[in-house]
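Biologist: I'd like to learn how to read a few features in a model like this one. Can we go through them one by one?

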Amino acid sequence: AKEVRRTNRPIGTCEVHVAATWQSGGSRRGGNRCPGAQEARARGGCWKTGAPPVEASTAAPLGLDWWKAPHNTHQLGPHHPIQRSSWNTRATMDPAPKPRRFRGGLNAGKTEQNAVVKARGHGQAVAGGTRGEDLQELELEMHKGTSLPMHYNFELAKTAKRIRTLKATTVALQMPEGLLMFACSVGDALKKACDTLERCVVMSDATYGACCVDDRGAEAMGAQLLVHYGHSCLVPVDETRVPCMYVFVDIKFNVDHLVECVEQNFAVNEKLLVAGTIQFASSLQEAKLRWQRNGRSVEVPQSKPLSPGEVLGCTAPSMAADKELDAIVFVADGRFHLEAIMIANPTLPTYRYDPYAKVMTREYYDHKGMKDQRRRAVEEARESKAFGVVLGTLGRQGNPKVLEQIQKLLDSKGVEYMLFLADEISPEMIGTLVEEGCVDAFIQIACPRLSIDWGEGFKVPVLTPFEAFVAFGAAPAWWESPSCCSHTCKEQGCSKNEAKVQPYPMDYYAKDGGPWSSSYHRERKRTQVRDRTQAQVGLHKP
């Protein structure tokens, strides 16, 4: 059973493989990608626009009676109930995940019982005697009296231990839009568990990813600890201006349904690439083990420093052609992160599994349209006389090291440029600067997806750092690969041979990214320190 619907994004369509509902709305950058947004919609209607729920399709899924799963249901259609987990009904939730015990490197030397022992740097710390305590009991105790869903792991006990260790009086909580509804409950639970904690500051500015970690804002508020929820550790904790703790908010869902959906829709001999967002990373590993026991070949890629199977909107692994993969199965409730892995792997058919709606869809992306649009922007920028370089100031989005690389590139080419600072980059803001007539093109050092997703909305070319390197001949262009498969790629934008074509890179935070990568410079710094240390050791050898 299939039905075709269009997304609210300018690029991409989806072909539904099981019964689904559809609501409009989405965030500014690529739809609902914040954890919890889809589940908020399950309470009735669109989470953002307030539109009423759409009646469910009566089409049956492919070979699977998925509405018989042991979960709470909401009758949305006249014939078949749509399976949904109620966001605040604990009786129907999966059991709370057992918190991981804290692990940290202890300083050498003896300590008295109950003394405070700090880990290396100010990234993590433990209190003496806590290793023997049962954090699960504390986690459950802190959950009592709150509206927090039990299958969302906010790591309350671990956070409380950290606050007690630091004896913090002010803690800043930073969450993406989809988790802000839980901020007050988390703050109340932490204040009840920590005697020293006087106030929790909820930082409610836009948070699109871990690149938006606002340690400077937390420092200005006098916080002794910043807890960033919902994203992985992109900015190392030893580089933040205040001690920082990352809580992934691991979300448990019905893994049995995911496993059965894949078993019913893919042959056993098909080799799959399985990935998703950080909230579902642990469940992906569980599903992988089950598939392997059933004789299925599954690849869970890793783009370091990200976790295995984790994909960001700007960073996704590009699989080599010799892997001989047949399809991608991506676990997420939106398309933003999904589109990153589709851009990095244009030849692989992609399927998205929504763990909230229990829906698997066939996803498409207009590779030709995107690449042609970005090529036109690069070629137009090559003719520009004056550039504007925009450094994003939203959290840590704008990396000064990348700015240095761009400035060196422009200086070497004798290009005139002007530096701008902006927390939000929009067509309106760029249009205002263009009206002055002093800038012909821009290079934005913030989020690469701003240029990729909304490039057509800007009056002048707005390049990513990678595209700036391409425009000035410092990096090969994706359309100039010597192994390009001729007219097939140009006419269709995607073919079986497109693996030979250099794909558009999605490596902005990848460890092995180019000089335009925001993670490249940290790796180079660590390499330089290691080489310098080895040289010093060599000088002392007899």
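This is a predicted model: local features need pLDDT of at least 70, side-chain atom pairs count only at pLDDT 80 or more; totals for chains, interfaces and linings use all residues.

Biologist: Okay, which side chain does Ser518 join through a polar contact?

Modeller: That of Asn399, at 2.9 Å. Ser518 sits in the loop between helix H14 (487-492) and helix H15 (520-539). Leaving out residues up to four places away in sequence, Ser518 touches Asn399, Val402, Tyr508 and Tyr509.

Biologist: Is Ser518 buried or exposed?

Modeller: Buried means under 20% relative accessible area. Ser518 has 2%, so it counts as buried.

Biologist: Now the sheet. What holds strands together in general?

Modeller: Strands of a sheet pair through backbone hydrogen bonds, either parallel or antiparallel. Here, 4 strands make an open sheet in the order E19-E18-E20-E21, with parallel pairing. Strand E19 (416-422) and strand E21 (462-463) are the edges, each pairing on one side only.

Biologist: How many bridges link E20 and E21?

Modeller: 2 bridges, in the parallel sense, with E20 spanning residues 441-445. Phe442 has Val462 in E21 as its bridge partner. Helix H11 (residues 427-435) lies across E19, E20 and E21, at about 140° to E20.

Biologist: And how do helices H3 and H4 pack?

Modeller: H3 (residues 156-166) and H4 (residues 183-193) pack at about 50°, their axes 10 Å apart. Angles of 65 to 115 degrees would be roughly perpendicular and those under 35 roughly parallel; H3 and H4 are therefore oblique to each other. Their crossing is right-handed. Residues making the contact include Leu156 and Ile163 of H3 and Val186 and Leu190 of H4.

Definitions and conventions:
Residues are numbered from 1 along each chain as its sequence is written. Side-chain values use heavy atoms; hydrogens and water are left out. Buried means under 20% relative accessible area, exposed over 50%, partly exposed in between (1.4 Å probe, protein chains only). A polar contact is a pair of N or O atoms within 3.5 Å; within protein, one must be able to donate a hydrogen and the other to accept it, and residues adjacent in sequence count only if both atoms are side-chain atoms. Contact means heavy atoms within 4.5 Å. Two strands pair if DSSP finds at least two bridges between them. Axes are lines fitted to C-alpha atoms, for helices over the stretch in contact, and angles run from 0 to 180 degrees between N-to-C directions. Angles under 35 degrees count as roughly parallel, over 145 as roughly antiparallel, 65 to 115 as roughly perpendicular and the rest as oblique. A crossing is left-handed if the near helix is turned anticlockwise from the far one by less than a right angle, and right-handed if clockwise.
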